[in-house]
Amino acid sequence: MNALFSMPIAEEAAGLLKRLEVPVASFSGGNRAVRSPITGEVIGEVHDQTADEVAAVIDLAHQAFLTWRKVPAPRRGELVRLLGEELRGAKADLGMLVTLEAGKTISEGLGEVQEMIDICDYAVGLSRQIFGLTIATERADHRMMETWHPLGVVGVISAFNFPVAVWSWNAALALVCGNSVVWKPSEKTPLTALAVQALFDRAVAKFADAPAGLSSVVGGDRQVGEALVASNKVPLISATGSTAMGRAVGPVLAARFARSLLELGGNNAAIIAPSADLDLTLRGVAFAAMGTAGQRCTTLRRLFVHESLYDGFVERLKKAYASVSVGDPRKSENLVGPLIDKASFDGMQRALDDARAAGGKVSGGGEVHVAGEGYYVRPALVEMEAQVAVVRRETFAPILYVMRYRDLDEAIALNNDVPQGLSSSIFTNDMREAERFVSATGSDCGIANVNIGPSGAEIGGAFGGEKEPGGGREAGSDSWRAYMRRATNTVNYGATLPLAQGVKFDI
Ligand code: NAD
C-alpha cells in the first residue's frame, strides 16, 4: 500500500502543520474537535475565542490600521508580495492540508492555493494602481477630484468550501488598500486558517515594520462571527457562506450603517442550445456539476437542454456520471471526494426525496462506502418536468436537475426564475444566442459565461452574484473600491469664492 494511505490522517495533518510552522498549542488540547471529512477522524483540537478575546483582537487590529494606513500603498504591496512568496513555497503542503481538512481533491486543493498566489500578484500590481478621477468643475480656479483612503478593520467571515482562497481574495486587497484584517474562518476548517496565519506571520517577519495585529484569525462558530459583525470598530464585513447566514448578518450591519460585502448561496444553471459543441459541453457540465463534490457556490445545479438534443445528451451525461470515480480525494484517480459531514449528506437525501415526490427521476445519489465516517455519495442526476420548489433552492451537494426547453426565451426565463443570481452559462455556437445570453435581457446573474461551465472563476474579474448571493463583488476589476472610502475634494486655488450653481451669499 502507498505510504500516504497507511498513515493515519491525524498524523499526516500534524506533519503538515509542523512543516507549515503552526504552533502545536494552537491545534491541540482545544475545546473544538476538527474532523477530516475523508474518514471522520479527528485531526486537531482548536481553541474557540471568547467574546473578550475577539474584542481584544479587533482593538489590536484597529491600532494596526492607524499605523498601516500611513504606509505608502506600493510599500504595503511589498508585504503582499512576500506573502505570495510564502504561499509559493508552501503550495504543496497547504494544498494537501486543504485536501485533508475540506476533502477537496489534491488538484483542487493545489488550485485553491494557486488562486491565493494569483490574487497576491494582482494585489501587488494594484498597490501601484489605486487611483481616483479628476472631474471638470463649474467654478473657475477650482479643481475637483476624488481620493481613495483606507477604511479600517476588515472582518472576513469564510465558508468551509473555500477555506483559504476566500480569505486571500479579501485580505490581499484589504492590505494593499491600507486596512487591517480579522478573519473568522469556518469552524469546520480552522487548521488551514492557522496555517495561512503562520505563512502571513513569516511574511511579516521578513517585511520588518508591519504593525502587530495587522491580520489575525479568530476561531469559533457563529457566535464569534456575530461578535465580529456587531463590533463598531469593524467598518466592513465581507461574509461568505449560506444565504441564512447573510440574512442574519446583513441587518446587523445595516443597523449600524456598516458596509457589507456578501457572497452567499448560488443555484447556477446552464443552457445547452441546439448548436452546442456537445463534446466540449459534456466536459464543461460534468466538471461544473460534480467537481468539488458539488460543494462550490458556483456548482452547476440546473441544466436546461434543448428538446432536440435532450434524449441523446442526457444519455451521454448519465454514462459520464456512472463512470466518475468517487473516493479518497488523496488518490488522483478520484474526481469526487467526500461531502463535508453527515448534515450535508442528510440534506442531500432530503432534497432527493423531495425531488422524487415532485415526480423527478433520480439516478445516482446513493452513499458510497469508502472509509470510516466519511460521507461519500455518487453524484445525482435528476430529470424534472418543471422547475419546482426543490430545484429552486440551493442544496449544497452534487445534485444536477435536468429539464428540457423549447426556445431561448423560455430557457433564459427559467435560468432567471430562482431567488439566486450567482453564476450561469450557455453552450452554443450561435453568435446571436450567445450575445443575447450576456445582454441586458439575458442571464440576470453576476457571472454569465459562454461555452464554459458556471464554476471556476479567475481572479482577474469581479466575482459575485445578484439577488440572494448578496450583490458583493470580490477579487479583480474594480472590487478594490469596496475596501476603501472615497472622498470628493474640491480645491479653490483662486482669490474669490464662487458658490456652486451660481448661488449668491455676499456678506
Ligand atoms: P455557513 O453559512 O454555514 O457558514 C459560513 C460562515 O459564516 C462560517 O464561518 C460560520 O461560522 C459563519 N456564520 C454562520 N452564521 C453566522 C452569523 N449569524 N453571524 C456571523 N457569522 C456566521 O456556510 P458553509 O456551510 O460554511 O458554506 C456553504 C455555503 O456558502 C453555501 O451556501 C455556498 O453557496 C456558500 N458560499 C458562497 C460563496 C460565494 O462566493 N457566493 C462562496 C463559497 C460558499
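## Glu 410 and its partner

Glu 410 is partly exposed, at 24% relative accessibility (buried is under 20% relative accessible area, exposed over 50%, partly exposed in between, with a 1.4 Å probe and protein chains only). Its partner in a salt bridge is Arg 406, with the closest N and O atoms 3.5 Å apart; a salt bridge here is a side-chain nitrogen of Lys or Arg within 4 Å of a carboxyl oxygen of Asp or Glu. Arg 406 counts as exposed, at 53%.

## About the model

This is a predicted model, where local features need pLDDT of at least 70, side-chain atom pairs count only at pLDDT 80 or more, and totals for chains, interfaces and linings use all residues. Residues are numbered from 1 along each chain as its sequence is written, and side-chain values use heavy atoms, leaving out hydrogens and water.

The structure holds 30 salt bridges. One of them joins Arg 202 to Glu 21, at 3.2 Å from N to O. Arg 202 sits in helix α8 (residues 190-207) and Glu 21 in the loop between α2 (9-19) and α3 (24-27), so this pair ties together parts 181 residues apart in sequence (helices are DSSP runs of H or I, at least four residues, and strands runs of E, at least two, numbered from the N terminus).

In helix α5 (residues 73-102), Arg 81 and Glu 78 are three residues apart, about one helical turn. Their salt bridge has its closest N and O atoms at 2.9 Å.

## The whole protein

Overall, you are looking at 16 helices and 23 strands. Buried residues make up 55% of the 507 residues.
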